[in-house]
Amino acid sequence: MKTHSLFSLLQKIQGRSTFQMFHERVKNQWDDSKTIKERQFSKLRDLLTYANENVPYYHELFKEREITLSQIDSASDFSATIPLLHRSTLTSRINEFHSSSFNGRLIIHKTSGSSGEPLVFPRDNISIAANWADIMLTRSWWNVSIGDSTAEVWSIWFDPQKRLKSALQRAKASVKNFIFNQISLSAFKLNEREMDKFAENIRKRKPMSIYGYASSLERFCDHLEEKNINLELPESTVIIPTAEPLYKHYTYAEPND
């Protein structure tokens with residue numbers, strides 16, 4: 001509860017409507033499929049209108065291809081009319097995706113680089129709040145809330161060549177773990193020593209959820225099997241793989257019929 005309150009306070013200080021978005025999602029998830037699709041398409045039309053009027057890349061795209069909103073009356077029309085955005089285009093022309101009407105604060109984020117090269121991109125408070133609201137909603141389906149004990153296997157990297165930067169990164173990671181009541185294992189350090197320590201921490205903390213890259217969780221599970229380690233998790237603990245395909249061979253035991 002204390003962790004939940006601290007997270008809520010931080011969201012308010014940062015000017016994010018995270019909890020308002022979360023409650024809207026909780027309410028809207030029970031709508032029938034027709035209502036959900038209509039709402040999705042209405043928001044898509046609003047987004048396209050805004051992009052055409054305010055985002056240089058899409059304004060030029062609409063102009064060059066003579067695209068009008070009257071051409072887009074369904075999701076299939078959207079797929080057929082608006083081309084896929086390639087990573088290389090976003091990287092090389094990132095400034096053209098900045099809205100001309102936005103004057104707020106942008107926070108620079110980047111992907112882990114698991115595909116070879118990290119993607120660096122800016123996000124505003126609305127984007128970050130929406131992301132947290134989605135996380136809160138999906139975890140609520142398994143009765144997991146912000147502040148419940150969590151273990152994660154994630155892209156945590158400390159540059160050994162830059163001591164000051166590494167120290168600041170470690171301090172930031174420690175604060176994050178405290179705020180979210182979690183323990184972490186770096187996906188870049190899946191060695192025997194670190195995985196043994198992580199397993200022991202899980203046994204002590206008994207987290208309600210374990211979250212991480214699908215392939216990293218598979219490697220951790222392989223390690224547990226190789227060393228015959230039982231995490232002694234409660235039956236209610238939920239495993240949440242993300243970011244990568246969940247392949248069939250990741251299943252270690254066939255269910256009993």
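Predicted model: local features only at pLDDT ≥ 70, side-chain atom pairs only at ≥ 80, totals over all residues.
Residues are numbered from 1 along each chain as its sequence is written. Local features need pLDDT of at least 70 and side-chain atom pairs pLDDT 80 or more, whereas totals for chains, interfaces and linings use all residues; side-chain values use heavy atoms, without hydrogens and water.

I begin with the helices. Helix α2 spans residues 18–28 and helix α7 residues 125–140, helices being DSSP runs of H or I with at least four residues, and strands runs of E with at least two, numbered from the N terminus. Their axes lie 8 Å apart and meet at an angle of about 45 degrees; axes are lines fitted to C-alpha atoms over the stretch in contact, and angles run from 0 to 180 degrees between N-to-C directions.

Contact here means heavy atoms within 4.5 Å. From α2 it involves T18, F19, M21, F22, R25 and V26, and among the α7 partners are W132, D134 and L137. By class, the residues of this contact are 11 nonpolar, 1 polar and 2 charged.

I turn now to the second largest pocket. Its lining comprises 37 residues, with L47, Y50, D124, I126 and S127 nearest the centre of the pocket. I126 also belongs to the α7 side of the helix contact. Helix α3 gives the most to the lining, with 10 residues; α2, α5, β2 and α7 are among the elements that each supply at least two. The lining of this pocket has 23 nonpolar, 6 polar and 8 charged residues.

Note on methods
Nonpolar A, V, L, I, M, F, W, Y, C, P; charged D, E, K, R; others polar. 1 Å grid on protein atoms, 1.4 Å probe; cavity = no way out; pocket = protein on both sides within 12 Å on 5 of 7 lines; lining within 4 Å.
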